[in-house]
Amino acid sequence: MSPGLHPSLMKFTPLSFLFSILFLCSCCQSKTESEQASGVTAEMAFEGVKKYCHDEYDWSVAEENPEMMSVTMNNESATEYEVVFRSYTGSLVYFYVDKASGNTRMVEYVPALHREEEAGYIDIHDYLEKQ
């Protein structure tokens, strides 16, 4: 027994140690959850959509004239970012990136035909650089 430590406190030392470990683990877990809860930034939404578009669409047409195709940020609401891909054909693909999850809904619009249709879903995280 160490001097100055009351015997009744020695019983609780292992239990206190266990609670301390659990507390520290829960703090670390909360930090991880809060980092994940920070969601997707506007820059992340833009970069992810840009990468997706460069992977999925043929940009060779735009090599001599880059203005023929583009990716631009558009509107922002409280819950999502809207990023727009403009093709050399004149069609537009609207990417609605959920700020919290990164789930992205795509809607294709062909102005010449006044036609709009759902084009699928992606997870924007799949197109972001791993850090």
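Biologist: In the hairpin of strand 3 and strand 4, which residue takes a positive phi near 90°?

Modeller: This is a predicted model, in which local features need pLDDT of at least 70 and side-chain atom pairs count only at pLDDT 80 or more, while totals for chains, interfaces and linings use all residues. Residues are numbered from 1 along each chain as its sequence is written, and side-chain values use heavy atoms, with hydrogens and water left out. Helices (H or I, at least four residues) and strands (E, at least two) are DSSP runs numbered from the N terminus, two strands pair if DSSP finds at least two bridges between them, and six bridges join strand 3 to the antiparallel strand 4, residues 103–110. Four residues lie between these strands in the hairpin, and the one with the positive phi is G102.

Biologist: How many bridges join strand 2 to strand 3?

Modeller: These two strands also form a hairpin, with five residues between them, and G90 in its turn has a positive phi of about 100°. Within strand 3, Y94 stands opposite V84, and the bridge partner of Y94 in strand 4 is V107. Strand 2 and strand 3 run antiparallel, and the number of bridges that join them is seven.

Biologist: How many residues of strand 3 are buried?

Modeller: Buried means under 20% relative accessible area, exposed means over 50%, and partly exposed lies in between (1.4 Å probe, protein chains only). Strand 3 is largely enclosed by the rest of the structure, because the number of its seven residues that are buried is six.

Biologist: Within what arc do the buried residues of helix 2 fall, seen down its axis?

Modeller: The buried residues of this helix are A45, G48, V49, Y52 and C53, and they pack, in contacts that mean heavy atoms within 4.5 Å, against strand 1 (70–76), strand 2, strand 3, strand 4 and strand 5 (115–123). An α-helix has 3.6 residues a turn, so residues three or four places apart point the same way. The arc is that of the directions from the helix axis to the C-beta atoms, and the buried residues of helix 2 line one face, because they fall within an arc of 130°.

Biologist: Are the rings of W59 and F85 stacked, edge-to-face or tilted?

Modeller: Rings of Phe, Tyr and Trp (its six-membered ring) pair if their centres lie within 6.5 Å; planes under 30 degrees apart count as stacked, over 60 as edge-to-face and the rest as tilted. By this rule there are six aromatic pairs. For W59 and F85 the centres are 5.7 Å apart and the planes are at 55°, so the pair is tilted.

Biologist: What is the relative accessible area of F85?

Modeller: F85 belongs to one aromatic cluster together with Y52, Y57, W59, F95 and Y127. Among the residues that F85 touches, not counting those up to four places away in sequence, are C53, M69, V71 and L92. F85 is buried, with a relative accessible area of 2%.
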